[in-house]
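Please look over the chain shown below. The report that follows takes up selected sites, pairings and packing.

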Amino acid sequence: MKKLFILMVVVLMSFSLTACGKEEKVEDTKMVCKTTLNGVEMSNEIVANGNNVKSIAYNNTMEVDESLAELLESIAVTYDESYNKIEGVTYTYEIKDGVFTEKTTIDFTKADFSELCDNDLLEKVDGKVPTAISLDKTIEVMKEIGCECK
């Protein structure tokens with residue numbers, strides 16, 4: 001679980017500030033990046049407008065035994081309590097029939113990027129709070145961790 005959280009932070013910290021330019025109306029792009037890492041099935045749903053990521057939903061599923069389920073639940077309860085207090089962030093989890101499922105969604109159109117940085121959900125870039133998330137960089141990082149993006 002901690003590895004997944006670190007992975008999520010690494011993905012977010014690698015994004016760079018996006019450049020400003022003439023705004024054109026662009027339709028939203030939806031992509032799904034999937035992989036299995038250390039027994040965890042990951043499916044990351046990305047919604048972007050142009051090169052600006054609007055939201056990311058991290059969906060993780062793994063089979064667990066009873067002792068691991070208890071450990072994961074104790075961690076998930078903490079995430080549930082802290083993440084759901086952050087504007088634009090939702091976190092849910094379920095343990096059922098030996099399967100742990102969690103979903104963390106960050107809506108960057110509603111979230112305060114400073115608050116995301118303060119809660120380790122987003123990394124500063126060159127000491128500055130980002131103002132946007134780059135789709136190109138997001139896809140690049142997803143591919144680096146073995147995701148197939150469509």
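This is a predicted model: local features need pLDDT of at least 70, side-chain atom pairs count only at pLDDT 80 or more; totals for chains, interfaces and linings use all residues.

Ser134 sits in the loop that runs between helix H3 (113-118) and helix H4 (135-144). Is Ser134 buried or exposed? Its relative accessibility is 4%, so Ser134 counts as buried.

The side chain of Ser134 has two partners to look at. With the side chain of Asn51, Ser134 makes a polar contact of 3.2 Å. The side chain of Ser134 also reaches backbone: the nitrogen of Asp136 lies at 3.4 Å.

## The disulfide

How many disulfides does a search of the whole structure find? The search finds 1. Cys33 and Cys149 are the partners, with an S to S distance of 2.1 Å. Cys33 belongs to strand E1 (residues 28-37) and Cys149 to strand E6 (residues 148-149), so the pair ties together parts that are 116 residues apart in sequence. A disulfide is a covalent bond between two cysteine sulfur atoms.

The torsion about the S-S bond of Cys33 and Cys149 is about 115°, so this disulfide is right-handed. Both Cys33 and Cys149 are buried.

## Two other cysteines

The cut-off for a disulfide is 2.5 Å between the sulfur atoms. Cys147 is buried, at a relative accessible area of 7%.

Cys117 is buried as well. Its relative accessibility is 10%, and the limit for buried is under 20%.

## Helix H2

Helix H2 covers residues 66-83, which is 18 residues. At 1.5 Å a residue, H2 should span 26 Å. The C-alpha atoms at its ends are 25 Å apart, which agrees.

Which residues of H2 are buried? They are Ala69, Leu72, Ala76, Tyr79 and Tyr83. These residues cover an arc of only 90° around the axis, which puts them on the same side of H2. The face turned away from that buried side carries exposed residues: Ser67, Glu70 and Glu81.

## The nonpolar core

The largest nonpolar core holds 34 residues. Ile46, Phe108 and Leu116 have the most contacts inside it.

In soluble globular proteins, nonpolar side chains tend to be buried together.

## Salt bridges

A search of the whole structure finds 2 salt bridges. One joins the side chains of Asp28 and Lys54 at 2.8 Å, N to O. Asp28 is in strand E1 and Lys54 in strand E3, so the pair ties together parts that are 26 residues apart in sequence. Asp28 is partly exposed, at a relative accessible area of 36%. Lys54 is also partly exposed, at 27%.

Another salt bridge joins the side chains of Lys150 and Glu148, at 3.2 Å, N to O. Lys150 has 67% relative accessibility, so Lys150 counts as exposed. Side chains of opposite charge can pair when their charged atoms come close.

## Glu148 in strand E6

Glu148 lies in strand E6. At 49% relative accessibility, Glu148 counts as partly exposed. The exposed class requires over 50%.

How many residues apart in sequence are Glu148 and Thr35? They are 113 residues apart in sequence, yet 6.6 Å apart in space, C-alpha to C-alpha.

## The chain as a whole

The protein chain contains 4 helices and 6 strands. Along the sequence, these follow the pattern α-β-β-β-α-β-β-α-α-β. Of the 150 residues in the protein chain, 41% are buried.

Technical notes:
Residues are numbered from 1 along each chain as its sequence is written. Side-chain values use heavy atoms; hydrogens and water are left out. Helices (H or I, at least four residues) and strands (E, at least two) are DSSP runs, numbered from the N terminus. Buried means under 20% relative accessible area, exposed over 50%, partly exposed in between (1.4 Å probe, protein chains only). A polar contact is a pair of N or O atoms within 3.5 Å; within protein, one must be able to donate a hydrogen and the other to accept it, and residues adjacent in sequence count only if both atoms are side-chain atoms. The expected span of a helix is 1.5 Å times one less than its number of residues. The arc is that of the directions from the helix axis to the C-beta atoms. A nonpolar core is a set of buried Ala, Val, Leu, Ile, Met, Phe, Trp, Tyr and Cys residues joined through side-chain atoms within 4.5 Å. A salt bridge is a side-chain nitrogen of Lys or Arg within 4 Å of a carboxyl oxygen of Asp or Glu.
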